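Subject: Handing over the structure

Hi,

Here is the structure I said I would pass on.

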Amino acid sequence: LKKRICFVLKEEHFIRDTMLIKDDKQDLIRVFLCYDKDNNPVINGIKKISKPGCRNYVSSLDIPKVLNGMGISILTTSKGVISNKKAELLNVGGEVLCQVW
């Protein structure tokens, strides 16, 4: 799930790259952030929507827009972990994991 969320963030140009670091106990994911021309980070905020005690499911018609399309919502659907833009194209709903802007 974490690798797929990183893939969606890379696909939407919020992060530059990821690197999987093998370890004896557990694997680590190193995330390289993107910066704009003034050296400000591209990600201004992340909000967790679904929590283990309170899951937030939406239909394909009720997928939330973040900052009028300037940000993305990450959903887990029957088609996999995808952004709200791709979910609207595929016409699928699912659980809203987080919002990134």
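Below is what came out of it, starting with the overall picture and ending with the pocket.

First, a word on how to read this. It's a predicted model, where local features need pLDDT of at least 70 and side-chain atom pairs count only at pLDDT 80 or more, while totals for chains, interfaces and linings use all residues. Residues are numbered from 1 along each chain as its sequence is written, and side-chain values use heavy atoms, with hydrogens and water left out.

On confidence: pLDDT is the predictor's own confidence in each residue, from 0 to 100. The protein has a mean of 95, and 100% of its residues reach 70 or more. Confidence is highest in β7, at 97, and lowest in helix α2 (residues 84-90), at a mean of 95.

Now the layout. You'll find two helices and seven strands (DSSP runs numbered from the N terminus: H or I of at least four residues for helices, E of at least two for strands). Reading from the N terminus, the order is α-β-β-β-β-β-β-α-β. The C-alpha trace spans about 40 × 40 × 25 Å along its principal axes. Of the 101 residues, 32% count as buried (under 20% relative accessible area; exposed is over 50% and partly exposed is in between, with a 1.4 Å probe and protein chains only). Among contacts (heavy atoms within 4.5 Å) with a separation of 6 or more, 50% are between residues 24 or more positions apart.

There are two hairpins to look at. Strands count as paired if DSSP finds at least two bridges between them. β1 (residues 15-21) and β2 (residues 28-33) run antiparallel over six bridges, and the hairpin they form has six residues between the strands. To find your way in, go to Leu20, whose bridge partner in β2 is Ile29. The other hairpin joins β5 to β6 through two residues. Those strands, with β6 at residues 80-83, are also antiparallel, over four bridges, and Thr76 sits opposite Val81 there.

Next, Ser60, in the loop between β4 and β5 (72-77). Is Ser60 buried, partly exposed or exposed? Its relative accessible area is 23%, so Ser60 is partly exposed. Leaving aside residues up to four places away in sequence, Ser60 touches Asn91, Val92 and Gly93. Ser60 and Glu88 are 28 residues apart along the chain, with 6.5 Å between their C-alpha atoms.

Finally, the largest pocket, which holds about 210 Å³ of space. A pocket here is an open set of points on a 1 Å grid over the protein atoms alone, where a 1.4 Å probe fits, with protein on both sides within 12 Å along at least five of seven lines; lining residues have an atom within 4 Å of a point. The volume is the space filled by probe spheres set on the points, which are joined across faces, edges and corners. Which residues line the largest pocket? They are Leu1, Ile5, Lys48, Ser50, Lys51, Pro52, Arg55, Glu95, Leu97 and Cys98. Strand β7 (residues 94-100) gives the most, with three residues. By type, the lining has five nonpolar residues, one polar and four charged (Ala, Val, Leu, Ile, Met, Phe, Trp, Tyr, Cys and Pro are nonpolar; Asp, Glu, Lys and Arg are charged; the others, Gly among them, are polar).

One of the lining residues, Lys51, is in the loop between β3 (46-48) and β4 (57-58). Lys51 is partly exposed, because its relative accessible area is 44%.

Cheers
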